[in-house]
Amino acid sequence: MRAVSWLACALFAVARAAEPYQVEFEITLSKGNVGHFTVEVYPDWAPLGAARFREIVEAEIWTAARFFRVVSGVMGQWGIPGKPSVAAEWREKKIQDDEVTQSNKRGTITFATSGKHSRTTQVFINFVDNANLDGMGFAPFGKVIKGMDVVDKIYAGDAERPNQGQIQSEGNSYLKKAFPRLSYIKSASFVGGEAKDEV
């Protein structure tokens, strides 16, 4: 009986890992201005990236994370946790690269990298078609299916000026002081309140 139960759990986990899922983001665009957008993730596009994205959302490490690299007409990036201790922990949790099976078109979401097999928690949404990234190993794992107009309103006034090293070491205290206008994530949750592995 135990073997049957274990097999059922294993099959459920495999099936769940292959199914598309949705995550809704509530973000503060500017003081008093809140918006929402929804990302649909496709594990068949980039299975390792899709699994890591699920892991991040379940761990809730992006609460209050700033959109620290936003380049108008290119992309908006976030993903360094606001607490330095959490950022340090996840910085070591690198995942292997996925094969690039989809193009970096407007609205797709992709993990940022610092080289081969270096993906951790930083992701970006393409504001335009950035096909030039396809040959550089950037593998989209999902796309914005609702609220792209909100994504377009993410504060871009500081462009690439925030220092990633300081964000890692000082967290939101650095960003709040030096770049107080950055948009940030209030919450990220599975649409439909997706359950964790339970059988």
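Buried, in this talk, means under 20% relative accessible area. Keep that cut-off in mind. One more thing before we start: this is a predicted model.

Let's begin with a tryptophan. W78 has 0% relative accessibility, so W78 counts as buried. Now its partner. F25 is also at 0% relative accessibility, so F25 counts as buried too. Together, F25 and W78 form an aromatic pair. How is a pair like that described? A pair of aromatic rings is described by the distance of the centres and the angle of the planes. For F25 and W78, the centres are 5.6 Å apart and the planes are at 75°, which is edge-to-face. The pair links distant parts of the chain. F25 sits in strand β1, W78 in strand β4, residues 75–78, and the two are 53 residues apart.

Here is a second pair. Y42 and W45 are tilted, with 4.6 Å centre to centre and 40° between the planes. Both of these residues are buried. How many aromatic pairs are there? The count comes to 14. There is also an aromatic cluster, formed by F25, F37, F53, W62, F67, W78, F111 and F141.

Rings also meet charged residues. R66 lies over the face of Y184, 4.2 Å from the ring centre. K93 lies over the face of W90, at 4.1 Å from the ring centre.

On to the core. The largest nonpolar core has 34 residues. Which of them have the most contacts inside it? F25, I27, F37, F53, W62 and W78. Several elements give two or more residues to this core, including β1 (21–30), β2 (33–41), α2 (47–59) and β8 (184–190). The most comes from β1, with 5 residues. A second, separate core has 9 residues, among them I80, A87, L175 and L182.

Take I27 as an example of contacts. Leaving aside residues up to four places away in sequence, I27 touches N33, V34, G35, F37, F67, V150, I154, Y184, I185 and K186.

Next, helix α2. Its 13 residues should span 18 Å at 1.5 Å a residue, and its end C-alpha atoms are 18 Å apart, so the two agree. Which residues of α2 are buried? G49, A50, R52, F53, R54, I56 and V57. Here is a general point about helices. An α-helix has 3.6 residues a turn, so residues three or four places apart point the same way.

Just after α2, E60 takes a positive phi of about 60°. A64 has a positive phi as well, about 75°, although it is not a glycine. A64 lies in the loop between α2 and β3 (69–71). A64 is at 23% relative accessibility, so it counts as partly exposed. Then there is A159, with a positive phi near 45°. A159 is in the loop between α4 and α5 (164–170). Its relative accessible area is 33%, so A159 is partly exposed.

Last stop: D98. Where is it? In the loop between α3 (84–91) and β5 (108–111). Is D98 buried or exposed? Its relative accessibility is 11%, so D98 counts as buried. What does its side chain meet? There is a polar contact with the side chain of R119, at 3.0 Å. A polar atom of the D98 side chain also lies 3.2 Å from the backbone nitrogen of L48. Beyond residues up to four places away in sequence, D98 touches A46, P47, L48, G49, R119 and A139.

Definitions and conventions
Residues are numbered from 1 along each chain as its sequence is written. This is a predicted model: local features need pLDDT of at least 70, side-chain atom pairs count only at pLDDT 80 or more; totals for chains, interfaces and linings use all residues. Side-chain values use heavy atoms; hydrogens and water are left out. Helices (H or I, at least four residues) and strands (E, at least two) are DSSP runs, numbered from the N terminus. Buried means under 20% relative accessible area, exposed over 50%, partly exposed in between (1.4 Å probe, protein chains only). A polar contact is a pair of N or O atoms within 3.5 Å; within protein, one must be able to donate a hydrogen and the other to accept it, and residues adjacent in sequence count only if both atoms are side-chain atoms. Contact means heavy atoms within 4.5 Å. A nonpolar core is a set of buried Ala, Val, Leu, Ile, Met, Phe, Trp, Tyr and Cys residues joined through side-chain atoms within 4.5 Å. Rings of Phe, Tyr and Trp (its six-membered ring) pair if their centres lie within 6.5 Å; planes under 30 degrees apart count as stacked, over 60 as edge-to-face and the rest as tilted. A charge sits over a ring if NZ of Lys or CZ of Arg is within 6 Å of the ring centre and within 35 degrees of the ring normal. The expected span of a helix is 1.5 Å times one less than its number of residues.
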